[in-house]
Amino acid sequence: MARPGSQARRPGGNHYRLKGNLVHPASEHLSLTERLNVLREGMTGDALAGALGWSPSKVSRIFSGKQIPSARDTRALAEATGHPELADELLALRQEAETVH
């Protein structure tokens, strides 16, 4: 994963500028899955599952984009990754993901 002050690459060649430890898009927004993966940087799936009381397979499905988390799970993920202030942003991305699926 990219370090603060460097650029992260998204498949397809899109670049994102980093601001602090969070990725902010240069031209388009990140998907829910991409955003969650940025927020959990440094946390293993097992550690996150343990912190949330979830199975590792549930965490894997969410972070691989195979499952859209519920609104409650989305808020819990914001808290568990240390970014409760981003819950509303994640919920908006969740809504977009549901609309697409």
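A residue is called buried when its relative accessible area is under 20%, exposed when it is over 50%, and partly exposed in between, with a 1.4 Å probe and protein chains only. The model shown here is predicted, so local features need pLDDT of at least 70 and side-chain atom pairs count only at pLDDT 80 or more, while totals for chains, interfaces and linings use all residues. Residues are numbered from 1 along each chain as its sequence is written, and side-chain values use heavy atoms, with hydrogens and water left out.

**View 1. A salt bridge joins Asp-73 and Lys-58.** A salt bridge is a side-chain nitrogen of Lys or Arg within 4 Å of a carboxyl oxygen of Asp or Glu, and by this rule the structure has four salt bridges. In this one, N and O are 2.9 Å apart. Asp-73 belongs to helix α4 (residues 71-80) and Lys-58 to helix α3 (residues 56-63), so the pair ties together parts that are 15 residues apart in sequence; helices here are DSSP runs of H or I with at least four residues, numbered from the N terminus. Asp-73 and Lys-58 are both buried.

**View 2. Lys-58 lies over the face of Trp-54.** Its distance from the ring centre is 4.2 Å, where a charge counts as sitting over a ring if NZ of Lys or CZ of Arg is within 6 Å of the ring centre and within 35 degrees of the ring normal. Arg-40 is likewise placed over the face of Phe-63, at 4.5 Å from the ring centre.

**View 3. Arg-75 and Asp-88 form a salt bridge.** The closest N and O atoms of this pair are 3.7 Å apart, and the pair links distant parts of the chain, with Arg-75 in helix α4 and Asp-88 in helix α5 (residues 87-100), 13 residues apart. Arg-75 is partly exposed at a relative accessible area of 42%, whereas Asp-88, at 56%, counts as exposed.

**View 4. Within helix α5, Glu-98 pairs with Arg-94.** The closest N and O atoms of this salt bridge are 2.9 Å apart, and the two residues, four apart in the helix, are separated by about one helical turn. Glu-98 is partly exposed, with a relative accessible area of 36%, while Arg-94 is buried, with 12%.

**View 5. Thr-44 lies in the loop between α1 (32-39) and α2 (45-52).** A polar atom of the Thr-44 side chain lies 2.9 Å from the backbone nitrogen of Ala-47. Thr-44 is partly exposed, with a relative accessible area of 48%.

Definitions and conventions: A polar contact is a pair of N or O atoms within 3.5 Å; within protein, one must be able to donate a hydrogen and the other to accept it, and residues adjacent in sequence count only if both atoms are side-chain atoms.
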